[in-house]
Amino acid sequence: MKQALVVWGGMELHTPERSAHVVRELLEPEGFAVTVTNGYEALGAEDVGRYDLVVPVITDGVAPDGIGNLVDAVRAGTGLAGFHMGLATTFRACVPFRYMAGVYWVQHPGNIISYGVDVRESELLAGIGSFEHRSEQYYLNFDPAVDVHATTVFSGEFHPWRKDVVMPVVFTTTHDRGRVFYSSLGHTADELVGPVREILRRGLVWAAR
């Protein structure tokens, strides 16, 4: 049986505990034994490499001692996945984590707005069409090595100098032998429904060793 570690924490605005249990609910039917914890030290444990998938559901925070163990685990094949704040804001000051995550949140112009998610043709998102979404439209700094599966276009209504910018919403990449998945969708647990939920489910399964 595959093993997954889901670690939650940070801003309650992002409903981290509830969102972590949505991840558990998605993974258990896929045959995973899922450990859910708010103990950041689990990410730095010497045996973190025993997990096939690690999912930080964490806003900001300070990386635990031993975070290099997680980096080494991912390089050896442990999968890493995140959504919205998870990966994009997690442990902002930890450079090795930032390099591994491949994404960094910088802004959400207009806060909660309606915007389009344009799904590209890919095996990962086959059968999922483009859709309208109401949430924070994340403006990201991201690794140019990623494979982009869905994008959004900034209208310029709130930040005119970013009009027509095409931004990744869903991407995959690798960190050495580990697979990395990210979706900027899922501001709260209540948003993890419909295509947002299905995209996350597929990404989690894809990323696992």
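**View 1. Thr15, a buried residue in a loop.** Thr15 has a relative accessibility of 14% and therefore counts as buried, where buried stands for under 20% relative accessible area, exposed for over 50% and partly exposed for what lies in between, with a 1.4 Å probe and protein chains only. The residue is found in the loop between strand E1 (2-9) and helix H1 (16-27), helices (H or I, at least four residues) and strands (E, at least two) being DSSP runs numbered from the N terminus. Although Thr15 is not a glycine, its phi is positive, at about 45°. The model is predicted, so that local features need pLDDT of at least 70 and side-chain atom pairs count only at pLDDT 80 or more, whereas totals for chains, interfaces and linings use all residues. Residues are numbered from 1 along each chain as its sequence is written, and side-chain values use heavy atoms, with hydrogens and water left out.

**View 2. Asp164, an exposed residue in a loop.** Asp164 lies in the loop between strand E9 (147-153) and strand E10 (166-175), and its relative accessible area of 51% makes it exposed. A positive phi of about 70° is found here too, although Asp164 is not a glycine.

**View 3. The aromatic cluster of Tyr40, Phe91 and Phe97.** These three residues form one aromatic cluster. Rings of Phe, Tyr and Trp (its six-membered ring) pair if their centres lie within 6.5 Å, and planes under 30 degrees apart count as stacked, over 60 as edge-to-face and the rest as tilted. By this rule the count comes to 5 aromatic pairs. The ring centres of Phe91 and Phe97 are 5.4 Å apart with the planes at 70°, so this pair is edge-to-face; both Phe91 and Phe97 are buried.

**View 4. Leu53 in the largest nonpolar core.** The largest nonpolar core has 69 residues, and those with the most contacts inside it are Leu43, Leu53, Leu70, Phe97 and Leu204; such a core is a set of buried Ala, Val, Leu, Ile, Met, Phe, Trp, Tyr and Cys residues joined through side-chain atoms within 4.5 Å. Not counting residues up to four places away in sequence, Leu53 touches several residues, including Leu5, Leu27, Phe32, Leu80 and Leu204, contact meaning heavy atoms within 4.5 Å.

**View 5. The protein chain as the setting of the close-ups.** The chain has 5 helices and 11 strands. Of its 209 residues, 55% count as buried, and its C-alpha trace spans about 50 × 35 × 30 Å along the principal axes.
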